[in-house]
Amino acid sequence: MILEFTPDQQMIREEAARFLRERSSSEAIRRVVDTGASHDAELWNSISRELGWCAMAIPEAFGGLGLGATEVAILMELSGSRLACVPFWSTVCLAAPLIEAAGSADAKARYLGAIAAGEMAATVAFGDLSAADPLATVSVTAVKSLDGYMLTGKVAQVIDLAVADLVLVPARLDDGTVALFALERDAGQRIAPLKAIDGTRPIASLELSGVAVSAAQRIDIGGLTDAAVQSALAFANLGLAAEQVGAAQGALDITLAYISERVQFGRTIASFQAIKHRCARLVVDIAEARSLLYGAAAAVGSADPQESGLEVAGARVVASDVQYLAAEEAIQLHGGVGFTWEYDPHLYFKRAQASSVLLGSREVHLDRIAASVFGNGGLK
């Protein structure tokens with residue numbers, strides 16, 4: 001497979017990189033983190049409404065641009081490199097694919113159109129953010145009423161919940177079926193922001209105490225199927241892998257900038273052979289992860305779903321490893337200031353720790369790959 005960007009994709013990459021350099025600087029990130037804001041509102045408005053990033057992969061029939069996973073991966077990678085404080089991943093990679101895979105025609109027209117137009121940030125309230133199989137961790141129940149349903153339960157951690165205009169809630173019915181409900185802001189749910197290790201990506205808990213919803217707010221057709229959820233999760237994991245690769249590159253970039261200025265023994269530490277070798281290793285590892293990422297992106301929608309899912313799982317494993325390594329090396333190569341609040345390596349390290357367990361740890365994804373290759377759950 002030849003992984004070469006088309007002229008249009010290259011243009012998207014260059015313009016997005018330029019935009020984020022200007023609008024998602026270290027100072028901009030710290031304004032969000034230091035104030036405890038849910039997101040960078042101005043940046044999100046530009047991304048969603050003015051630039052149309054949220055419309056990239058949404059079908060043209062619903063007001064989107066009808067582009068593919070590669071274009072989204074490009075934007076996610078660049079967003080990750082700048083630790084952009086916006087609900088882009090939760091809206092475009094988590095919620096929108098689930099609506100497209102499991103939603104009714106009316107739900108797709110209503111919600112995908114709003115997302116594409118930049119009018120709605122969205123997220124999904126999976127029972128356990130670290131679970132690779134969210135259907136097994138549904139913590140909300142739905143009881144049928146005369147004119148709809150009553151939702152009861154608590155979801156401990158939901159990404160970007162505080163900023164979301166729409167939250168998708170999987171809930172289990174009396175017969176065991178898992179349905180999908182769409183709750184817009186102020187629909188009766190209680191939201192409690194949580195103090196998270198990663199201040200660039202807010203998390204909150206969702207509590208539903210007998211919240212009444214109409215029948216129209218149930219947007220699935222006959223219940224959430226494993227196939228629909230896995231299809232949506234493949235896209236979410238691909239976007240997360242892209243963000244992780246980007247964050248690894250971002251950590252390397254700030255490290256290269258620092259060592260080119262830090263003088264020790266009369267010369268910059270970038271000239272020391274040991275430091276050159278460590279940086280060279282990161283360059284190679286990031287290039288390897290990026291290649292695997294865009295190979296997986298190119299296969300989405302065109303390859304066998306199971307095979308494509310395994311490629312995405314592989315990309316997640318490699319991306320998680322390289323993100324953690326790059327953040328760790330950023331701290332080490334910054335020396336004594338590497339762990340201080342005033343310098344940025346800790347922001348990348350915290351994002352690496354938080355992202356590594358989203359939608360399944362590296363070990364979970366490795367087990368999935370092993371189970372496919374060796375059968376019966378992999379090697380014992």
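D220 is buried, with a relative accessible area of 8%, where buried means under 20%, exposed means over 50% and partly exposed lies in between, using a 1.4 Å probe and protein chains only. Its side chain meets that of R218 in a salt bridge, 2.9 Å from N to O, a salt bridge being a side-chain nitrogen of Lys or Arg within 4 Å of a carboxyl oxygen of Asp or Glu.

Please keep in mind that this is a predicted model, in which local features need pLDDT of at least 70 and side-chain atom pairs count only at pLDDT 80 or more, while totals for chains, interfaces and linings use all residues. Residues are numbered from 1 along each chain as its sequence is written, and side-chain values use heavy atoms, with hydrogens and water left out.

The structure holds 16 salt bridges, and one of them joins E77 to R290, with the closest N and O atoms 2.8 Å apart. E77 lies in helix 4 (residues 69–81) and R290 in helix 8 (residues 273–299), so this pair ties together parts that are 213 residues apart in sequence; helices here are DSSP runs of H or I with at least four residues, and strands are runs of E with at least two, numbered from the N terminus. E77 is itself buried, at a relative accessible area of 3%.

Turning to A242, which sits in helix 7 (residues 226–259), we find a buried residue with a relative accessible area of 0%. Leaving aside neighbours within four places in sequence, A242 is in contact, meaning heavy atoms within 4.5 Å, with A73, M76, E77 and L293.
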